[in-house]
There are 2 protein chains.
Amino acid sequence: MKIEYEKIKQESHTQARLGKIKTNYGVYDTPMFMPVGTRATVKSLSPEELYDVSSGIILANTYHLWLRPGADIVEKCGGLHRFMNYQGPILTDSGGYQVFSLAKNKEKDITEEGVHFKSHIDGQNLFLTPEKSIEIQNKLDSDIAMSFDECPPASASYEYLKNSLERTLRWAKRGKKVHANPNQALFGIVQGGPYEDLRKYSAMETVKIGFDGYSIGGVANDDESKEDMYHAIEYSIPYLPEDKVRYLMGVGEPIDIIEGVIRGVDIFDCVLPTRIARHGQAFTKNGKINLNNAKYKEDVSPVEEGCDCYTCKHYQKAYIRHLITTGEVLGGRLLSIHNIRFLIRLTEELREAIQKDQLLAYRDQFIKQYQSEKK
Amino acid sequence: MKIEYEKIKQESHTQARLGKIKTNYGVYDTPMFMPVGTRATVKSLSPEELYDVSSGIILANTYHLWLRPGADIVEKCGGLHRFMNYQGPILTDSGGYQVFSLAKNKEKDITEEGVHFKSHIDGQNLFLTPEKSIEIQNKLDSDIAMSFDECPPASASYEYLKNSLERTLRWAKRGKKVHANPNQALFGIVQGGPYEDLRKYSAMETVKIGFDGYSIGGVANDDESKEDMYHAIEYSIPYLPEDKVRYLMGVGEPIDIIEGVIRGVDIFDCVLPTRIARHGQAFTKNGKINLNNAKYKEDVSPVEEGCDCYTCKHYQKAYIRHLITTGEVLGGRLLSIHNIRFLIRLTEELREAIQKDQLLAYRDQFIKQYQSEKK
């Protein structure tokens, strides 16, 4: 089957909604956070550890898997689920974002046909097209494939963005045409930068093509662009159908997840929880903490009091700090478990707040506490 | 309690024996292989993964934990078991081996009092004595502590070894005198290089001092010194008491474990299974294989057919190769699970062979198959 989205409840004071996604691997509640498994592995974690933090859909990167080990090998191994031993739903991105962000020397040649660029691994010439992206994703056999889009830089002009999103629409049509995996949903992507008319146009035209779900792309999530991100969501959401899932790509800061949910987003993904974990950082309700800090040397308390994750139930900060400062990979592994669980528990709490029509109060309380550490 | 060893059975045709070690954390069968958790972590693995491969005693390194995070911090955290969350027995070495192998620039000044050397991390001046080593191990609160000994290089002369082992005997007495942890056993170490008279003398004198168990130290395990290693065991074992456990330090090649067991050794430790795992190598009954090899690119079979470990039950060689060649730490983790399980299963099979008085036939069959890959 392809996925099905069912809206369960609309929050009274916001655009937030409760929903259920029916997938090949079970039914999951939204809003949901998706951990990222770039190269068919959520860095350092086993599938069992992902189930244990209640993860639902996870994301894998088409670009990375295309380069290594190659889509044909994953297909020969029985598809992504068998390959990485994950018995839950998997979403693959289109490779577009990586082509634009990782291409060697950032050199690329965007034509109507596709994008010429050099591999970031060995510099070899590569050519990715909308058809090729879908063909790779069909072979990977993920549950959700993404349309191949251009991801323009944040600095792109209105003119550039307009032309770019027109091309992305043509690419979306071409991709849909060749999409051939009957068990795989296909999502469209709304672009248009920070511009209201472009977002509206992109959303309406993408919906006209018709997809199983819609994502909002091209949002930067650095601190300076928060308002642009929130606007991009606000300008896109009203034109997306109620009965399809809405996915904000690449966003994982706790406050951004909350603001996204308030504006009607259902699913999120981000490398943040695992990336900061490897550098010794942990999310807590009182803000991010850095376990490299000498003040945790003898701290026998868990990373976060009251947290229900494996790490917090069994380990002291002093031990995790020891692992991180000596370069032991178990440190990043334990913090990855905590950080992913933190974001997933956040979405659980958001669902509860929506259920009670108290989402705005939840946000205010969360932000107040989350920023308390910065004082 | 301190540990207790009970001999259960003597093999008919060899020195091999079946036994049981009673510890603070349960009763375990010998012969046994102990995984190494250098810095209070068996690299990349969780305690649950160690229980799952049926590990019993694990080893942690006094030298490394003394330098980072420091014995006082481990003590404040509640001792090694609480610190690393391992609810099984832990043996700590004395730090001697690391002082002699890791000291910065290999510069060290051995006096009667102890060893002056520079930290391999930051070059600071350090001084380790028999008393200090025991004091650190008392604080770490391992279940078995080791006496501080000198580990002379393989090239050391007879004269040097003789003087060295006399000093090691004096150090052993000093260490025993200050040993103060009532729940911790203390083992003595037999030295003497490849010389029969020195091994005999060292063994007899060490036993006179009286320890809870005895280890055979100073054996190199490179391919050139196999005969020396086997001789060192043969020259030492006859003088060790039947009712105490015998530990061959730092040995983990499958064939050496078998030869050690045949000569009467009960327990072994080695970093080999985890170290080779990080480099993509796996033990199999047909010899070591290297997953970096391109021939495994599309190999959908497990690392070892018929293996009962988590890795072999769930993953294909092609996936593990992908993880190893892209530098994903899950690769080393999965191979570490397999390699440790391989050595522990080897000891299980050795126990079965001893039970049936078929150890020599088992060895011959094992070696024949293990070396088949090399043809």
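Student: Which residues of H8(A) are buried?

Tutor: A residue is called buried if 20 or more other C-beta atoms, placed from the backbone, lie within 10 Å of its own, exposed if 12 or fewer do, and partly exposed in between. In this predicted model, where local features need pLDDT of at least 70, side-chain atom pairs count only at pLDDT 80 or more, and totals for chains, interfaces and linings use all residues, the buried residues of H8(A) are Leu198(A), Arg199(A), Tyr201(A), Ser202(A), Ala203(A) and Thr206(A). Residues are numbered from 1 along each chain as its sequence is written, and chains are lettered from A and ligands numbered from 1 in the order in which they are written.

Student: What covers the buried residues of H8(A)?

Tutor: Helices (H or I, at least four residues) and strands (E, at least two) are DSSP runs numbered from the N terminus, and two residues are in contact if their C-beta atoms, placed from the backbone, lie within 7 Å. The cover includes H7, strand S11 (185-190), strand S12 (213-216) and helix H9 (226-236) of chain A. Just after H8(A), Gly210(A) takes a positive phi of about 95°.

Student: Is Phe148(A) buried or exposed?

Tutor: Phe148(A) counts as buried because 28 C-beta neighbours fall inside 10 Å. Its place is in the loop between strand S10 (144-146) and helix H7 (158-178) of chain A, and, leaving aside neighbours within four places in sequence, Phe148(A) is in contact with residues including Ser94(A), Pro130(A) and Trp171(A).

Student: How many residues does each chain bring to the contact between chains A and B?

Tutor: Chain B brings 26 residues and chain A brings 26 residues, and H13(B) gives the most to the chain B side, with 4 residues.
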